[in-house]
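Visitor: I have a structure open beside me and would like a guided look. Could you take my questions one at a time?

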Amino acid sequence: MLTVREVMTTDVLTVTPETPLRYVAELLGTCGTNGAPVVTGGRVVGVISAADILAFAAGESEVPAGRAGWGDGAAAGVGEGWRGDGGERRAFFREMWEDDDADVAGRLDAVEEPLRGLLGWHIASEVMSREMYAVSPDTAVPVAARYMYRERVRRALVMDGTRLVGIVSAMDIARAFALRWFTSRLRLSDPPAMAASA
């Protein structure tokens, strides 16, 4: 059975809870991604997306009570579809990344300069979401697909215990299914082996 380990992305951009929001925004723009897990001491304590930063910069989001401290947000006990506490936002898990029509750098550059300066005074732990969706690397791909569909998320963290080992997206799963289907069709259409002539 095909597992998440075989289809996940292992090169994952991460930031720390102390990373200034302006630097997070620059990293997201440079790497062409709309979000990143927030990691400290090898533990995932939250996730942050470009939408979180934009909402904060636009004054649409205040720092929620209880969000400033980040030590209790570890993803302990991750199993087949673990969801952390929280529930405030799901932008990190719902937004598309490379597939997104919106250019992260462009959206962040459109923020007025006084607000961009403000981002240098605030850090990731102030606006990150503690709500996390995760699967184990040994989760079967169809199980991960059902979990992501049920939770209405486009990506999930891949956690080996409390250690982040990758991210799996709906696109990763779709590619895996397409490749498997295409490969099986090729095998079915292969011409029969020719008998060796004596």
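Visitor: What percentage of the 198 residues in the protein chain is buried?
Guide: Happy to start there, with the reminder that this is a predicted model. A residue counts as buried when its relative accessible area is under 20%. By that cut-off, the buried share of the 198 residues in the protein chain is 44%.

Visitor: How many helices and strands does the protein chain have?
Guide: Both kinds of element occur in the protein chain. The tally is nine helices and six strands.

Visitor: What is the mean pLDDT of the protein chain, and where is the pLDDT below 50?
Guide: The protein chain has a mean pLDDT of 74, with 61% of its residues at 70 or more. Where pLDDT is low, the predicted coordinates should not be read in detail. Another stretch where pLDDT stays under 50 is residues 97–102.

Visitor: How are α2 and α3 oriented to each other?
Guide: Two packed helices are described by the angle between their axes and the distance between the axes. For α2 (residues 21–31) and α3 (residues 50–57), the axes are 10 Å apart and the angle is about 135°. Angles over 145 degrees would count as roughly antiparallel and those from 65 to 115 as roughly perpendicular, so the word for α2 and α3 is oblique.

Visitor: Which residues make the contact, and how many of them are nonpolar?
Guide: From α2 come Leu-21, Val-24, Ala-25 and Leu-28, and from α3 come Ala-50, Ile-53 and Phe-56. An α-helix has 3.6 residues a turn, so residues three or four places apart point the same way. In the contact of α2 with α3, no residue is polar and no residue is charged, while the nonpolar ones number seven.

Visitor: How many of the eight residues of α3 are buried?
Guide: The buried residues of α3 include Ala-50, Ile-53 and Phe-56, and these three also take part in the contact with α2. Asp-52, Leu-54, Ala-55 and Ala-57 of α3 are buried as well. The helix α3 is thus mostly covered, and the buried count among its eight residues is seven.

Visitor: Is Pro-17 buried or exposed?
Guide: Pro-17 sits in the loop between α1 (4–7) and α2. Its C-alpha atom is 9.8 Å from that of Val-44, which lies 27 residues away along the chain. Because its relative accessibility is 0%, Pro-17 counts as buried.

How values were computed. Residues are numbered from 1 along each chain as its sequence is written. This is a predicted model: local features need pLDDT of at least 70, side-chain atom pairs count only at pLDDT 80 or more; totals for chains, interfaces and linings use all residues. Side-chain values use heavy atoms; hydrogens and water are left out. pLDDT is the predictor's confidence in each residue, from 0 to 100. Contact means heavy atoms within 4.5 Å. Axes are lines fitted to C-alpha atoms, for helices over the stretch in contact, and angles run from 0 to 180 degrees between N-to-C directions. Helices (H or I, at least four residues) and strands (E, at least two) are DSSP runs, numbered from the N terminus. Angles under 35 degrees count as roughly parallel, over 145 as roughly antiparallel, 65 to 115 as roughly perpendicular and the rest as oblique. Ala, Val, Leu, Ile, Met, Phe, Trp, Tyr, Cys and Pro count as nonpolar, Asp, Glu, Lys and Arg as charged, and the others, Gly among them, as polar. Buried means under 20% relative accessible area, exposed over 50%, partly exposed in between (1.4 Å probe, protein chains only).
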